[in-house]
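Keep the structure open beside you as we go.

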Amino acid sequence: MIYKSRFLDIVLIIISFYSLYFIVHKFLGGKVPFWDFHIIYCQSKTFLLGNIPYGLNAHGDCLDPRITLTANFSPSTLEILKYIGSLNIKTANFFWVFLEIISFFLIFFVLKETFKFNYGWRNFFLILFSFGSIFFFSFFSGNISVILYGFLAIGVYFLQKKLFNYYYITVLFVSLFKFYYLTFLLLPFYILGWKSLRNILVSIILFSVIQYFFYVKDPDLTIAFFDVIQGKYQDDLPIRFLTGTGLYSIIEKMPWIFLGINNFENSFFSLQINLFIWFIISITIFLSIFYCLNKEKIKNSNNHFLFCISYGILVINLLIPRLVSYDLILTVPALFYLLNQINFKNLHIDRFKPKIFFIFLFLVLFDHHFPFLIIISLLTLFIYSEFYKKNIFIY
């Protein structure tokens, strides 16, 4: 893909074996394989039986007591998935794993078609095990995002083929499962500019109409869902606020870190202040990237589409409030693509192999904040390069 190094081959093999060891060790220690799928199955079954599926004690004997998760799907998602609950759990699990495998095939197909991904074993393993083995562990979590990113990967393929209406339909569909995936509507905005706003607005209106329909159908269920996403059940769960990363999450945590306080259960600022800071930073970077992508040199280059997709995905990561590992499935190939487009000679660091150095870091640093550091660094570097005409990237 972007390197040839025996040293990195050894590191990659070690990380691969360590990841296998880690997941086996977790399962032998009592971790339930495909743990996120289990809560999906149980909430589907509970809903199919006519009960509200929210809360730790909503599923009776269905949910393994070692899984301390609660249902958090919207009524529209529950309606789509409820028939999974009619299957035997082993059959449903097999079906779910099959969908995950199909999704990974779709993602790697799009990598090949869009990013011209080479299917050598090094490159395959590099994508699979980078950043704490994001692809590998997302698969074993059984989280629905693995499947949804398969759909979004096909959506990227639609964008490449200029089938924009199919892309909007794809984003609308996946957003019924996780509403914050509406942020993927900014990709056609980066590609087409202001003329995409009408279709984006139509997609958002359709999403709102669908959600309103389910509210009218069952107001109590919708109100219970809003209780969940506002943290009503957080006292019964591990503190979600300490998990994940992302701009909003960092805004919550950072003041405490500066004060040297590592144990905290509440945000330093109020919700309103957090949202205001998040909005100002997000809109500034969002519009700055849009301005940079529309500069004549980039817009007329052969790589304009890939720059729009790659930086669009990074900005989406900025907008997602709490970024977790499976939200980085499409981010990993985007990061490698952008790393390959950096003109390191303009940075005056061509005395060693900088790409190999960064890939080494991508493999060995498992901290969940590290990918976000790389994301914000690349966004900042791109804005700096374009505003000050440093020509750091190769178009």
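The axes of helix H5 (residues 121-141) and helix H15 (residues 331-341) come within 10 Å of each other and cross at roughly 115°. H5 is therefore roughly perpendicular to H15, a label for angles of 65 to 115 degrees, while under 35 counts as roughly parallel, over 145 as roughly antiparallel and the rest as oblique. Axes here are lines fitted to C-alpha atoms, for helices over the stretch in contact, with angles from 0 to 180 degrees between N-to-C directions. Helices (H or I, at least four residues) are DSSP runs, numbered from the N terminus.

This is a predicted model, in which local features need pLDDT of at least 70 and side-chain atom pairs count only at pLDDT 80 or more, while totals for chains, interfaces and linings use all residues. Residues are numbered from 1 along each chain as its sequence is written, and side-chain values use heavy atoms, with hydrogens and water left out.

On the H5 side, the contact (heavy atoms within 4.5 Å) is made by Leu 126, Ile 127, Ser 130, Phe 131, Ile 134 and Phe 135, and on the H15 side by Val 332, Pro 333, Leu 335 and Phe 336. Nine of these residues are nonpolar, one is polar and none is charged. In this scheme Ala, Val, Leu, Ile, Met, Phe, Trp, Tyr, Cys and Pro count as nonpolar, Asp, Glu, Lys and Arg as charged, and the others, Gly among them, as polar.

H5 has another partner to visit. Helix H1 (residues 6-28) packs with H5 at an angle of about 25°, their axes 10 Å apart, so H1 is roughly parallel to H5. This crossing of H1 and H5 is left-handed. Among the residues that meet are Arg 6, Asp 9 and Phe 27 in H1, and Trp 121, Arg 122 and Phe 140 in H5. By class, the contact of H1 with H5 holds 14 nonpolar, three polar and three charged residues.

A cavity is a set of points on a 1 Å grid over the protein atoms alone where a 1.4 Å probe fits but cannot get out, and lining residues have an atom within 4 Å of a point. The largest cavity contains about 60 Å³ of space. Helices H4 (89-114), H6 (144-160) and H14 (304-319) each give at least two residues to its lining, with H4 supplying the largest share, three residues. The lining comprises ten nonpolar, no polar and no charged residues.

H14 leads us on to helix H17 (residues 370-387): their axes come within 10 Å and cross at roughly 125°, which means that H14 is oblique to H17. The crossing of H14 and H17 is left-handed. Their contact includes Phe 307 and Tyr 311 of H14 and Phe 372 and Phe 382 of H17, and its classes are eleven nonpolar, one polar and no charged residues.

Notes: On a 1 Å grid over the protein atoms alone, a cavity is a set of points where a 1.4 Å probe fits but cannot get out, and a pocket is an open set with protein on both sides within 12 Å along at least five of seven lines; lining residues have an atom within 4 Å of a point. Grid points are joined across faces, edges and corners, and a volume is the space filled by probe spheres set on the points. A crossing is left-handed if the near helix is turned anticlockwise from the far one by less than a right angle, and right-handed if clockwise.
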